[in-house]
Amino acid sequence: MRTLAIRTVRHTVGCALGAATALVELPLTLLCGLALLLAGVRPGATRPVPRPVRAVAAALLGIERRRLARFFGIRIATAPDDARALRYLAVRWTLGALGGAVAVLVVLGIAYSSLFVYVWWLSAVRYPLEVALSNLAGLMLLFLACQGVLGTVALEDQLARRLLGPSPHDALERRITELATTRAEMMEAVDGERRRIERDLHDGVQQRLVALGMLLGRARRTHDPARTDALLRQAHEESRAALVELREVAWRVYPTVLDEAGLRAALETVAERTPLPVRLDWTVPVPPPRQTGTVAYFVVSEAVTNVVKHSGATRVDVSVGRSGDRLTLRIEDDGTGGADPAGGGLTGLARRVAALDGRFGVHSPAGGPTAITAELPCAS
């Protein structure tokens, strides 16, 4: 309830500021139209926009973009050309007037709904029934005005995205480029994963098996029973070590517990297998889809592994939550910091997240702490 009230107040202030900017946008629109009429420009014809008009329009557009982002949470990344900027400003002043009107109605609603407060302090209430009815009418007016504020914000969002955002063709081209880039990066990440598995097998399991074969060969060639028993015991220990390393490699490739018990159980296993204390904060009421859970597991697992190898930390905090249709991850340690986001391990994690249209971030100032965040789409 408190969050809704704060958001409504913020939207109302944004509408009031939009009404103030409309006082400049309307004269600018009229002056532009008058200049075009005096210049004899026919409708539909193109004409370069004068430099002073471009400067004023750019300043107004900058103010509008900051207002939309600060008070409405509407962020338009694409910088439009002069014609689209002027078209937006020429239309937006109508929404500014509407926003100013609903902001005034909100103030009036607050004033009438709290009438009994200041009437009581200023003088004795002679007509309590009229005051009560005025309060009730003020509450109704406040409710309708708040709905008007929300509707105005929705219209601001649609207008900004339609006139300032990328066109459908540009958006499609950008999406194709993103998919092509993500596909190439994912293929590179898969190749890197294969090389890592091959290196683990070559440097670990294969060396163990070679040593096992040598021990068995020496046991076959010796004629001393005691020496043979000692070599066989060493071969048995070597076979056990090889089996442990093979299980470790298989776990790093894909843990079976992820399919059998889900993401939470897999992350708890990561916490148990990590030599550092790992605190897992799980606030996901509904398990994420399998693909999302797989990426989330590898992000947490690789991030914790990097902490153990490079950070010098004494603890790791892992938070997994759900915000709307997004699965949010945060891995934080108390190490020395200075992690390079362009490094091989973090780049691989970023590619995994980007393959699902997610967001990946690293904040690691010198001296620490290091915080790795990720947001993954979670439709179910």
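Accessible areas here come from the Shrake-Rupley method with a 1.4 Å probe, and for residues only the protein chains shown count as cover. On that basis the protein exposes about 23,000 Å², of which carbon and sulfur atoms supply 62%. This is a predicted model, so local features need pLDDT of at least 70 and side-chain atom pairs count only at pLDDT 80 or more, while totals for chains, interfaces and linings use all residues. Residues are numbered from 1 along each chain as its sequence is written, and side-chain values use heavy atoms, with hydrogens and water left out.

**Overall build**

- The protein has eleven helices and five strands; these are DSSP runs numbered from the N terminus, with at least four residues for helices (H or I) and at least two for strands (E).
- Buried residues make up 35% of the 380 residues, where buried means under 20% relative accessible area, exposed over 50%, and partly exposed in between (1.4 Å probe, protein chains only).
- Of the contacts between residues at least 6 apart in sequence, 71% join residues at least 24 apart; a contact means heavy atoms within 4.5 Å.

**Nonpolar cores**

- A nonpolar core is a set of buried Ala, Val, Leu, Ile, Met, Phe, Trp, Tyr and Cys residues joined through side-chain atoms within 4.5 Å.
- The largest one has 34 residues, and those with the most contacts inside it include Leu263, Tyr297, Val320, Leu327 and Leu376.
- Among the elements that give two or more residues to this core are α9 (263-273), α10 (290-311), β3 (326-333) and β5 (370-377), and α10 gives the most, with nine residues.
- Beyond its neighbours within four places in sequence, Leu327 touches residues including Leu263, Ala296, Val320 and Leu376.
- Another core lies apart from this one, with 27 residues, among them Ile74, Tyr88, Val106 and Val153.

**Strands and turns**

- β3 and β5 run antiparallel and are joined by eight bridges, one of which pairs Glu332 with Ala371 in β5; two strands pair if DSSP finds at least two bridges between them.
- β4 and β5 are also antiparallel, over five bridges, and Arg359 has Glu375 in β5 as its bridge partner.
- Six residues lie between the strands in the hairpin of β4 and β5, where Gly367 takes a positive phi near 95°.
- Most residues other than glycine have a negative phi.
- Asp357, although not a glycine, has a positive phi of about 60°; Asp357 sits in the loop between α11 and β4 (359-363).

**Salt bridges**

- Twelve salt bridges are counted, each being a side-chain nitrogen of Lys or Arg within 4 Å of a carboxyl oxygen of Asp or Glu.
- Arg92 pairs with Glu25, with the closest N and O atoms 3.1 Å apart.
- Because Arg92 lies in helix α3 (residues 82-113) and Glu25 in helix α1 (residues 2-39), the pair ties together parts that are 67 residues apart in sequence.
- Both Arg92 and Glu25 are buried.
- Asp157 and Arg161 meet at 2.6 Å, N to O; they are four residues apart in helix α5, so about one helical turn separates them.
- Glu375 forms a salt bridge with Arg326, the closest N and O atoms being 3.9 Å apart.
- Since Glu375 is in strand β5 and Arg326 in strand β3, this pair links parts 49 residues apart in sequence.
- Shared partners join Glu25, Glu64, Arg67, Arg92 and Glu156 into one network of salt bridges.
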